[in-house]
Amino acid sequence: MELYEILVLVLSFVVLLGIGVPVAWTLGISGVLTILLSIETITAFTTMAQRFVTSLDSFTLLAIPFFILAGQLMNKGGIATRLINFAKNVVGALPGGLAHINVVAAMLFGAIAGSSVAAASAIGSILGPRMEKEGYSKEFGAAINITSSTTGLIIPPSNTLIVYSLASGGTSIAALFVAGYLPGILVGLSLMGVAAVWTIRKNFPVGERGTFKELIQSFISAFPSLFLLVVVIGGIIAGIFTATEAAAIAVVYTLVLGYYYNEITFDNLPDILLDAVKTTSIVMLLIATSVSMSWVMSFESIPQAISDGILSLSNSPVVILLLINMILLFVGMFMDMTPAVLIFTPIFLPIVTELGMDPVHFGIMMVLNLCIGICTPPVGTLLFVGVSIADTTIPKVIKPLLPLFAAMIIALLLVTFWPALSMWLPSLFGLT
Amino acid sequence: MRDTVDTITKYVLVFLMGLLVVDVVWQVFTRYVLASPSIFTDELARFLLIWVSFLGAAYASGQHMHLSIDLLSHRLSPAGQKKLAIFIHCIVLLFVITVLVIGGSVLVYYIYIYGQLSSSLQIPIAYVYSIGPISGLLILYYKLSDIKRIVNQTPVEYIENL
């Protein structure tokens, strides 16, 4: 009976996570404890060790370290500054100018980088002090920066969508990438809506309007960075490159650009590489232990048990999708995005495909949902980064975060129940 | 001692990551520019990723960079925090010894005996898998040195050094 295995798995996971064992090890330990119920001790240890290695043996996964490295190079290489300048000239004159600049810059950064942490740290460290000087509260600035950085995970390229492609058994990365554009922009616009209402009520300053000439100048200066979008996404959609090759090209491109801007030299390159290695290996350990955990779960037929349970509650697609979204919101509070995608995709995808949902649509919904989770305590990667950059504390940013979460949840509901939002662009490009 | 271990690991990691970048860039170059795709780069890149990931995870473990929830710790007295930290390190230690070091070594041994070679580089697959026990031993070292340091501190010193 699976009940006993589920109990061991869930209990050990909750207890270990709760007392403060790092998430990655917790996943591995719960996996081993569960598999020990079914197979002999040494075999269990060697099987898990083997699962860890084989789960990383993939050419697709290689896109992740390269997109991370490209993100670091953009961060250090003067690309973020140019994108912010361009964003300033586009939306700076709206009420709450700096807040909008933050959102648009995060979306632009997200459109050329694959991870959100690089965007949060690059944009937050440049715009945070300026927002404070213009009279915005530190906490509001941090909240806007944290939530707007999530758009980069939905707008391609996105490491999380690559992970989803693997977890879902090879959903087309090109289709997922194209599908992310409209939902990502939707999230950005809804955050800007909240920022506008908030700043009008608080009487935050309107930024000065730049001249048309300045707009053109800032566009020209940002153009080489934005052109990366054409190379990477264009190449993937046209089927010229794989995601991994595109990511490698992004690395070379940003390296050359950073060198040309005199920001990247042979002296700081090793440090940038080491930073990329650290971020990569933290994600990779999570991938290795989550994939193993997911394997243990399917070995014990746990996903089948859960999906039977959910389908026995209701047969209404609306109810089931709402239920899945609520479970994922809850999971996202405690689990980082990568493990959540790897563990819950095999559980929920069979259910939603039964309801006729496209795996591409589900992937976008799931990633958008988990984007809220990485901004919430107790475990929120982006929350931690954003708060530490703004030099404030988590309890203080909760209040300004709440209306932004509400906006993201509205966007999530739209994406969930309006398939065309995700599926229209991929079908236009003939990718579905 | 720990600084030396850190420095060596750091150099190895930067070297492997640099090699990984060069390797995949070379693959793209040979495929699109020279139009004769290199045959070994794909496999080398996958093996390098495994090595970078495991060794990097061990290094990150020494730097306490793996994400965790520290809500419980904040509610405890200094003495309690100290005990909890030792307990958590011991749990991770136990996992690393059983799965990475013991499980990983047995696995490498079986694969080595079996003599399986990789398809294009023709190197023993056991070499690739050996990073499991290697990184396991490195984490073991980091954890033992962490535990030793915490045990030797008074609870207040431990909190101050967090």
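How many residues does the contact take from chain A, and how many from chain B? Chain A contributes 53 residues to this contact and chain B contributes 50 residues. The model under discussion is a predicted one, and every value given below was computed from it.

The interface may be considered first by its area. The size of an interface is often given as the accessible area lost when the parts come together. Between chain A and chain B, about 4,700 Å² is buried, and carbon and sulfur atoms give 84% of that area. On the side of chain A, A:Ile19, A:Trp25 and A:Val53 supply 14% of the area that this chain buries against chain B, more than any other three residues.

Polar and charged interactions also cross the interface. There are two salt bridges between chain A and chain B, and six residue pairs, both members at pLDDT 80 or more, are in polar contact between these chains. As for the elements of chain A that take part, at least two residues each of the side that touches chain B come from helix 1 (2-19), helix 2 (23-35), helix 3 (41-56), helix 4 (63-76), helix 13 (243-260), helix 14 (269-299) and helix 19 (381-390). By type, the residues on this side of chain A divide into 39 nonpolar, 10 polar and four charged.

The salt bridges can now be taken individually. Over all chains, the count comes to six. One of them is formed by A:Asp57 and B:Arg46, whose closest N and O atoms are 2.7 Å apart. Because A:Asp57 lies in the loop between helix 3 and helix 4 of chain A, while B:Arg46 lies in helix 2 (residues 41-62) of chain B, this pair joins two chains. A:Asp57 has a relative accessibility of 31% and therefore counts as partly exposed, whereas B:Arg46, at 18%, counts as buried.

B:Arg46 has a further partner within its own chain. The side chains of B:Asp42 and B:Arg46 meet in a salt bridge with an N to O distance of 3.1 Å. Both residues belong to helix 2 of chain B, where B:Asp42 and B:Arg46 stand four residues apart, about one turn of the helix. With a relative accessibility of 28%, B:Asp42 counts as partly exposed.

Another salt bridge brings together the side chains of A:Glu245 and B:Arg31, at 2.6 Å from N to O. This pair, too, crosses between chains, from A:Glu245 in helix 13 of chain A to B:Arg31 in helix 1 (residues 2-32) of chain B. The relative accessible area of A:Glu245 is 0%, so this residue is buried. B:Arg31 has a relative accessible area of 34% and is therefore partly exposed.

Apart from neighbours within four places in sequence, A:Phe109 is in contact with A:Gly71, A:Met74, A:Asn75, A:Ala80, A:Leu83, A:Ala118, A:Ala119, A:Ala122 and A:Ile123.

A:Thr392 is placed in the loop between helix 19 and helix 20 (394-417) of chain A. Its relative accessible area is 13%, and because buried means under 20%, A:Thr392 is buried. In sequence, A:Thr392 and A:Lys138 are 254 residues apart, yet their C-alpha atoms are 7.2 Å apart in space. Once neighbours within four places in sequence are set aside, the contacts of A:Thr392 are A:Lys138, A:Glu139, A:Ala142, A:Val387 and A:Val397. With A:Glu139, the side chain of A:Thr392 makes a polar contact, side chain to side chain, at 3.0 Å.

The second residue, A:Ser165, lies in helix 10 (residues 159-167) of chain A. Its relative accessible area of 6% means that A:Ser165 is buried. Beyond its neighbours within four places in sequence, A:Ser165 is in contact with A:Gly170, A:Thr171, A:Ile173 and A:Leu176.

Key
Residues numbered from 1 in each chain as written. Chains lettered and ligands numbered in written order. Predicted model: local features only at pLDDT ≥ 70, side-chain atom pairs only at ≥ 80, totals over all residues. Heavy atoms only, no water. Contact = heavy atoms within 4.5 Å. Buried area = accessible area lost by both parts, 1.4 Å probe. Salt bridge = Lys/Arg side-chain N within 4 Å of Asp/Glu carboxyl O. Polar contact = N/O pair within 3.5 Å; in protein donor to acceptor, adjacent residues only side chain to side chain. Nonpolar A, V, L, I, M, F, W, Y, C, P; charged D, E, K, R; others polar. Buried < 20%, exposed > 50% of the residue type's maximum accessible area, 1.4 Å probe, protein only.
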